[in-house]
Amino acid sequence: MKVVIIGGGFAGLKLARRLNDHIDIEVTLIDRNNYHQFQPLFYQVATAGLDASNISFPLRKAFQGSKNVAVRLAEVKQINTKDNNILTDIGTFDYDRLIIATGADTNFFGNEELKANAFPMKSTIEALQLRNRVIQNFEDALLVKDKDATELQRMMTIVVVGGGPTGVEVSGALAEMRNNILPKDYPDLDFAKMNIYLVEGSPRTLNAMSDKSAAQSRKYLEDLGVKVVTKTVVKSYDGTNATLSTGEIIGTRILIWAAGIQGNVPAGIDSTLIVRGNRIKVDRTNKVQGTENVYAIGDVAYMETPLYPHGHPQVANVAINQAKNLAVNLIRQVNGNKHYQDDFEYHDKGSMATVGKHKAVVDIPKPRIHFGGWLAWMVWMGLHLVLIVGVKNRLQIFVNWVYKYFTSDQSLRLLFKISFKPTKAEEATRRLL
């Protein structure tokens with residue numbers, strides 16, 4: 001059986017690993033990047049807490065010595081379900097089973113101005129770009145501090161849009177930078193005047209978690225000096241001013257967008273199967289409805305179940321467990337047990353979010369338990385260390401976290417200015433492909 005997996009995120013990587021060394025299954029894992037990205041820690045790369053290499057793992061290294069898994073670096077252009085192949089920028093790949101694990105990207109809800117000017121944080125590259133922008137922003141502030149008070153205040157103001165885990169975590173990290181690090185790096189600037197806004201459209205932060213977690217996370221943020229604005233949305237942002245639904249205008253040079261995601265649906269999928277959030281409708285085995293051999297797993301999949309009649313949450317644990325279930329079903333299909341296909345159901349083991357040092361919240365559904373503070377913070381760090389791919393990455397992150405714990409410092413405030421120009425050899429190679 002030829003299995004083609006599009007996407008090396010949580011779902012795609014887990015599925016390929018579960019199918020690894022099954023001699024009756026030939027796996028091709030296709031991704032636009034040659035590395036797996038640990039998305040829950042993007043915000044720490046963006047705020048100079050971790051290096052990009054700490055949360056990235058080479059896909060080829062994950063399958064060194066594999067007898068049946070091949071990795072290909074390519075951009076998928078079209079899926080042809082009738083011919084059982086996909087077209088990429090490096091050629092065509094045939095399949096017996098196709099698995100779409102393309103994940104999700106930032107959703108700007110059709111606002112092109114926000115898309116053009118806001119900073120998303122859904123990839124390692126975007127996290128690095130945001131880190132560079134934050135650092136450069138304070139370098140520029142030194143040049144205007146005695147010339148233009150209005151422009152200086154814009155540079156000393158950061159707006160984060162979206163009160164979910166990502167928005168809460170990046171707001172807390174920025175506040176800790178302002179309180180502990182930036183005044184030492186830039187003694188010429190008055191960081192008492194730096195404003196960090198968290199703008200959320202619903203009545204509370206962490207809307208998907210318990211009332212206790214929502215209230216506690218807000219208190220943590222406010223204790224750190226973050227201005228939390230709820231029941232409000234950002235209507236527009238031109239790169240200079242953010243206009244809120246209340247009519248208030250906040251002058252800022254940095255607006256971080258963490259307000260929504262949408263599935264990355266490849267071209268060639270029947271548009272009638274795409275539902276709200278740009279997700280593909282699948283049955284209980286993750287098979288794309290109306291197809292016989294195409295599956296979708298993870299953030300891009302929309303599955304209705306008795307426990308989740310409106311689809312599963314787009315979180316890593318759902319993606320990982322869908323991959324595990326699908327791996328079992330695919331192995332049965334080549335072992336002569338294709339009629340035994342397990343339906344998927346997600347059993348939520350809990351959710352968590354961190355705001356800063358000794359400040360985190362954890363909800364466990366069964367038994368219903370909520371706790372916060374130091375213990376929740378330790379649980380959050382422990383779980384994320386376990387989920388990181390690669391022993392070296394775990395050690396590097398652990399060392400960085402220990403260093404930061406005792407020093408309240410982050411040593412990765414590096415400003416890279418790199419411009420890539422293809423060589424003649426690279427241009428010639430591209431023309432041959």
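The model is predicted. The protein chain holds 13 helices and 25 strands. Of its 433 residues, 49% count as buried.

**Overall form**

- A compact globule of 433 residues would have a radius of gyration near 22 Å, and the protein chain has 23 Å, so the two agree.
- The C-alpha trace of the protein chain spans about 75 × 60 × 45 Å along its principal axes.
- Among contacts in the protein chain with a separation of 6 or more, 63% are between residues 24 or more positions apart.

**Surface and charge**

- The protein chain has an accessible surface of about 21,000 Å². Carbon and sulfur atoms account for 51% of that surface.
- There are 52 positive and 43 negative charges in the protein chain. The mean positions of the positive and the negative charges are 3 Å apart.

**Helix α10**

- Helix α10 covers residues 316-334, which is 19 residues. From its first C-alpha to its last, α10 reaches 28 Å, close to the 27 Å expected at 1.5 Å a residue.
- The buried residues of α10 are V318, A319, I320, Q322, A323, N325, L326, A327, N329, L330, I331 and Q333.
- An α-helix has 3.6 residues a turn, so residues three or four places apart point the same way.

**V328, a residue of α10**

- V328 is found in helix α10. V328 counts as partly exposed because its relative accessibility is 34%, and partly exposed lies between the 20% limit for buried and the 50% limit for exposed.
- V328 and H22 are 306 residues apart along the chain, and their C-alpha atoms are separated by 12 Å.

**N137, a residue of α5**

- N137 has its place in helix α5, which runs over residues 124-144.
- The relative accessibility of N137 is 1%, so N137 counts as buried; the cut-off for buried is under 20%.
- Apart from neighbours within four places in sequence, N137 is in contact with M155, R253 and I254.

Terms used. Residues numbered from 1 in each chain as written. Predicted model: local features only at pLDDT ≥ 70, side-chain atom pairs only at ≥ 80, totals over all residues. Heavy atoms only, no water. Helix = DSSP H or I, 4+ residues; strand = E, 2+ residues; numbered from the N terminus. Buried < 20%, exposed > 50% of the residue type's maximum accessible area, 1.4 Å probe, protein only. Contact = heavy atoms within 4.5 Å. Expected span 1.5 Å × (residues − 1). Rg over C-alpha atoms; globule rule 2.2 N^0.38 Å. Areas by Shrake-Rupley, 256 points an atom, 1.4 Å probe, with all protein chains shown as cover. Lys, Arg positive; Asp, Glu negative; His and termini not counted. Charge placed at Lys NZ, Arg CZ, Asp CG, Glu CD.
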